[in-house]
Each structure stands twice: as C-alpha cells, then as structure tokens.
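My entries are below the display.

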Amino acid sequence: MKKNITPLNSPKFSDQQLEALFGNVLQDDVAHPDALLPAHVTLDYAQEDLIACYRLCWQLLDRGVDIRSFRRLIARIALQQHATERDRPLFKNARAKFKHFRFACANLDKRHRYPWSLNFVTSLMGHMQDAFKNGQKLRTTGWGIVLWLSMQKLPYLIVRRQMADFLPATPSDVRAYFQSENRRIARALEGDQVTGKEFHEIRKIISRRIAFNDTLRTVSPSEHNDRISLYLATINGLMGDMHDRLVEMKVQKTQDYYQDRFPLPAEIALRLRIFVTQTDKA
C-alpha cells in the first residue's frame, strides 16, 4: 500500500482556511433546532478532497498547537490541581485539535483506526479535563503527570511518526466505512434502551462524521455540506449535554455507566433515525 506522495505540510493551507476549520470545530456541538438535513446525503467523494482533508487536519494540529507551551499548561494545571478560567479554554482548544486529527485518522486512513499513541495521549487529555471539570484534585494531578510525561520530546516523536504514516482511503473505502457506522447507529435504534457506554459509542460515530464534514466543507464549501454539519452539530450537542450528565452520575455513583440502561431521548432518536434513513445505503 502506498503512502501519500507529498508531505502533509504541502500544499500549505492558508491561515484563513485553518481558522475557518477551527471555527467549525468549535461549533460542532452547538444545537440548531431548526436545522434540516438535505433529503439525500451523498457518500460520494473525490479522492483529492479526501487527501486534502487529511492534510488540513494535520496542519491544524501541527501549526495550531505549540507542544512546549501545551506541556507547560498541563504542568500548571496538574500542580494547581485545577484549571483557571484562563487555562480551561487553552486546554480545551488544544485537545479539540488533537481530537479532530484523531477523527481524521479513523475517517480518512485506509485502516480506519486511531493510531495507538495518538489515541493514548488524546484519551489522557479527556481524563484530565473530566477530572478538573468535576473538581477531582487528585485525579487532575495524576492524569496531568501521565499526560505531561507522554508529551515529552521522545514519546511525542512516536505520536508524530504514527500521525504521518498515512495510507489514503479511496472514495469506496470511505463510503463503506460510513455505511458500516450508520448500520451501528441503526442497530442501536432497534433496541429499547442503552447503557452510558453504548450511548457514548453512538455519540463518537456522530462526532467522527461531523469532524469529517466540517473539514470537507472547508476544503469544498457548499450549502449541502453546511446543512449536514448544522444537523449533525445539533445531534452532537444534544448527546454531549446528556453524556455530561451521565458522567456526573458516574462520578457521584448514582448510576452505573456500564450496566444501567435507559431509553434514548425521543428527540435524539428521531434525529439519528432521519440521518441514517436519508444517507446513501448502497
């Protein structure tokens, strides 16, 4: 299998394109209750657009996160055992760029998987953020120490090498992958209830899809792509709010995240069903 034939930093995207993409990322869980999905969501993409999307996500992370400054931020939060109002958005924005690139690996690489080292550090960021958001001082320090060590020069070199090891997915690969993800959503909708973990897995599918679409609408702007993103952002926002509550109940030990089952809220279930129904199936 061949890797992409040009460096991921070339051609260079403009600062305006990077800002447009990150603006999309920051809005990817903002609900638009009146957003309507196009009657037909196509899964036909051009190969050059798919490769351009991966390069754009690489450059958003590579040019958008100063790793040395991020290490200092991690250390500061870990030592203080909490994140200040100034530090919270800095951490959130850096994590968002890592998450966005992780989604690009799943969506756009032929192997459709997260590189293990990238997944490891991105997951640590999530654990640390959950800890300081929920006022867990010892966990904030503990996760912070592990994350700080993982972001040192040598370990991070492994992360970068795995991120650059790109095997471009073909348009048919991407179509098959998205159809498989849609079938997972459909199966979840067939059941009466889900656990917190199962709910989170459905949300991750939506998060990956909106990450793809937000990148695509930067590379190939269109009203069609905009409408899909706004619709998915609404689902993502509704599911994100509910997942925050599930995590709180997990921390407070009022509900078992892995065992206790509950019905999907009707509004979320309806929007998911519309999305699956109106997306290409063959």
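I am working from a predicted model, in which local features need pLDDT of at least 70, side-chain atom pairs count only at pLDDT 80 or more, and totals for chains, interfaces and linings use all residues. Residues are numbered from 1 along each chain as its sequence is written, and side-chain values use heavy atoms, with hydrogens and water left out. Helices (H or I, at least four residues) and strands (E, at least two) are DSSP runs, numbered from the N terminus.

**Cores.** I looked up the largest nonpolar core first. A nonpolar core is a set of buried Ala, Val, Leu, Ile, Met, Phe, Trp, Tyr and Cys residues joined through side-chain atoms within 4.5 Å. Buried means under 20% relative accessible area, exposed over 50%, and partly exposed in between (1.4 Å probe, protein chains only). The largest core has 46 residues, and Phe-70, Phe-91, Phe-98, Phe-101 and Met-151 touch the most other members. Elements giving two or more residues to this core include helix H3 (67-80), helix H4 (87-108) and helix H5 (116-133). H4 supplies the largest share, nine residues.

I then listed the contacts of Phe-91 (contact means heavy atoms within 4.5 Å). Leaving out residues up to four places away in sequence, Phe-91 touches Phe-70, Leu-73, Ile-74, Ile-77, Met-125, Met-128, Gln-129, Phe-132 and Leu-147. There is also a second, separate core of 27 residues, with Val-41, Ile-235, Ala-269 and Leu-272 among them.

**H5 and H6.** Axes are lines fitted to C-alpha atoms, for helices over the stretch in contact, and angles run from 0 to 180 degrees between N-to-C directions. H5 packs on helix H6 (residues 137-150) at about 155°, with the axes 8 Å apart. The two are therefore roughly antiparallel (angles under 35 degrees count as roughly parallel, over 145 as roughly antiparallel, 65 to 115 as roughly perpendicular and the rest as oblique). Their crossing is left-handed; that is, the near helix is turned anticlockwise from the far one by less than a right angle, and clockwise would be right-handed. Among the H5 residues that meet H6 are Met-125, Met-128 and Phe-132, and Leu-147 is one of those on the H6 side.

**H1 and H9.** The axes of helix H1 (15-26) and helix H9 (196-219) come within 9 Å and cross at roughly 150°. That makes H1 roughly antiparallel to H9. This crossing is right-handed. H1 brings Gln-17, Ala-20, Leu-21, Asn-24 and Val-25, and H9 brings Asp-214, Thr-215, Arg-217 and Thr-218.

**H10 and H11.** I find H10 and helix H11 (residues 266-277) packed at about 145°, with axes 10 Å apart. H10 passes H11 in a left-handed crossing. The contact includes Ile-235 of H10 and Leu-272 of H11.

**Backbone.** Which residues does the cis peptide bond join? It joins Ser-10 and Pro-11, with omega about 0°. Pro-11 is in the segment before H1.

Gln-81, not a glycine, has a positive phi near 65°. Gln-81 lies in the loop between H3 and H4 and is partly exposed, at 25% relative accessible area. Lys-253 also has a positive phi, about 60°, although it is not a glycine. Lys-253 sits in the loop between helix H10 (223-251) and strand S2 (261-262), and at 74% relative accessibility Lys-253 counts as exposed.
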